[in-house]
There are 2 protein chains.
Amino acid sequence: MPRDSSHIPAPLSPLPGATGVMCPGVMCPGVVAFAGSGPGDPDLLTLKVLKALQEADVILFDRLVSAEIMALAHDGAILENVGKEGFGPSMAQEDICARLVHHARKGRKVLRLKSGDPSLFGRLDEELTACETADVGTVILPGITAASAAVAAIGQSLTQRGRNSSVRFLTGHDMKGFADHDWAQLARPGEVAAVYMGKKSARFVQGRMLMHGADRATPVTVVENASRADQRVLATTLDQLPADLAAADFGGPALTFLGLAPRQHAAALPHLRDQTQMELA
Amino acid sequence: MPRDSSHIPAPLSPLPGATGVMCPGVMCPGVVAFAGSGPGDPDLLTLKVLKALQEADVILFDRLVSAEIMALAHDGAILENVGKEGFGPSMAQEDICARLVHHARKGRKVLRLKSGDPSLFGRLDEELTACETADVGTVILPGITAASAAVAAIGQSLTQRGRNSSVRFLTGHDMKGFADHDWAQLARPGEVAAVYMGKKSARFVQGRMLMHGADRATPVTVVENASRADQRVLATTLDQLPADLAAADFGGPALTFLGLAPRQHAAALPHLRDQTQMELA
């Protein structure tokens, strides 16, 4: 079996959760592993997270972790749906933290499973802090983030020589706090950004970007349920984003790319609008 | 076996590489799969890429794809090291493109394996275009990018409520083309950026950020060989970055976080410098 590098202390900087605890597998008793399940397709799990699912004594999982993935947990595991995301009944953050510490103190192998990558918009820090405060060890197991799966689905790169040498990942919830130079930057030709949870903020984003000089024809692509069987792709423009998004009526999690069209559209931008209409029809 | 969602056409937007070709596995004859191997730890492979490794007739791989990962290919596969990255002998981009098309036209299952995630600084577009021009189908299989693995290794999040609601991924090679407002943004307190291939540009970046008002005490963390057995972490400040980086003498691929300290340092920033010196001693 390949080594578990999470538990190998780095020579220049020994870290919490890597304090010399060696376990035969991925999970250790009394330690909380914060793991990313990826965007939904079980095939996008990493081998390490699959092993964690099969070793864990208890799994606290978010609403967006797919049922197909939870089916990979071992039969004896305690499964706790803490449904933090979305609109259904959800457990308060402090209660989730208390559950993590409770299980770890019982000496259990605790898996905290979040959709995507826990380090991106995963509200990881509150839970890490709670574990540290309780002297409970932690380890982080990365996952495929929605932007990676969504951009693969539209046949594109997040970065491209001659177009954009950087990409921004941001959340629609917090864009109302953006400064003017954030908007000026997003509005530039060739700029690419991946907006998580951006459905509700679409009209606001459109307004600010146009105010800062963005071209109305800037390509915008929204990918709903990235990597899942019910994945849908909406190719539109900044001009038509709010109207097309309303017409598409996406109910699932959506990832919005500002400045990026699906690959077959990229070569035919002047006709983008007609093509999109056809697809929506 | 879980479905292969890459081949399920999205209702709103049928895509190249997803044109109704259904294969029992991940790979299809005559189609090129562009896949990410992650940063090096074989346990960070996705299940999908592991299946691709085991199904591929031919694998064209980059220098940074680890030997442990290549050992997972099936015995009969043709392995071609196209060593595009780094300092050794490398194949010209047009030759790589020609090899991909050559193998696909022979009806082989062709895997183009890149380290990390192919959609981030993977020079994916030239190869996709070559396949399209030759009427060769393509599919993209995402991988764990170095920033995800590196931030997990230092116990941090890329985004955090109250600190930064967005994160930038950029490459050190291209930062000399940055506009003033890019630097102004990177220089702001709380801003977080992940710089790929940023070793050579460290002094330049430091100069520009200080010129745009960044605090000399801004935390900077460099992770060499993220996720691998020889991973090393350098925790420093913007002020000391060039000197500490020179002293650390990193030979492997490195990921630089601007605005982020390893988690046990984050709570004790005034003492960061002393602690770093101790670790380097």
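Visitor: In this predicted model, which residues touch the most other members of the largest nonpolar core?
Guide: The largest nonpolar core of this predicted model holds 166 residues. Within that core, the residues that touch the most other members are A:Ala33 and B:Ala33.

Visitor: With which residues is A:Ala33 in contact, leaving aside its neighbours within four places in sequence?
Guide: Once those neighbours within four places are set aside, the contacts of A:Ala33 include A:Val26, A:Met27 and A:Ala52.

Visitor: Is A:Ala35 buried or exposed?
Guide: A:Ala35 has its place in strand 1 of chain A, which covers residues 31-36. Burial requires 20 or more other C-beta atoms within 10 Å. Because A:Ala35 has 31 other C-beta atoms within 10 Å, the residue counts as buried.

Visitor: What distance separates the C-alpha atoms of A:Ala35 and A:Leu141?
Guide: Leaving aside neighbours within four places in sequence, A:Ala35 is in contact with several residues, among them A:Val49, A:Pro118, A:Leu141 and A:Gly143. Although A:Ala35 and A:Leu141 are 106 residues apart along the chain, the separation of their C-alpha atoms is 4.5 Å.

Visitor: How many residues of strand 10 of chain A are buried?
Guide: Strand 10 spans residues 254-258 of chain A and is mostly covered. One side carries A:Ala254, A:Thr256 and A:Leu258, the other carries A:Leu255 and A:Phe257, and both faces are covered. In a regular strand the side chains alternate between the two faces of the sheet. The number of buried residues in strand 10 of chain A is 5 of 5.

Visitor: Which residue of strand 10 of chain A is the bridge partner of A:Ala194?
Guide: Strand 7 of chain A, residues 192-196, runs antiparallel to strand 10 of chain A and is joined to it by 4 bridges. Strand 8 of chain A, residues 219-224, is also antiparallel to strand 10, with 5 bridges between them, and there A:Thr221 stands opposite A:Phe257. For A:Ala194, the bridge partner in strand 10 is A:Phe257.

Visitor: How many residues does the contact take from chain B?
Guide: Chain A gives 75 residues to the contact with chain B. On the side of chain B that touches chain A, strand 6 (residues 166-171) gives the most, with 6 residues. That side of chain B divides into 37 nonpolar, 21 polar and 17 charged residues, and the number that the contact takes from chain B is 75.

Visitor: Which residue of chain B is the bridge partner of A:Ser166?
Guide: Strand 6 of chain A, residues 166-171, and strand 6 of chain B run antiparallel and are joined by 5 bridges. In strand 6 of chain B, the partner of A:Ser166 is B:Leu170.

Notes:
Residues numbered from 1 in each chain as written. Chains lettered and ligands numbered in written order. Predicted model: local features only at pLDDT ≥ 70, side-chain atom pairs only at ≥ 80, totals over all residues. Contact = placed C-beta atoms within 7 Å. Helix = DSSP H or I, 4+ residues; strand = E, 2+ residues; numbered from the N terminus. Nonpolar A, V, L, I, M, F, W, Y, C, P; charged D, E, K, R; others polar. Pairing = 2+ DSSP bridges. Core = buried A, V, L, I, M, F, W, Y, C linked by C-beta atoms within 7 Å. Buried ≥ 20, exposed ≤ 12 C-beta atoms within 10 Å, placed from the backbone.
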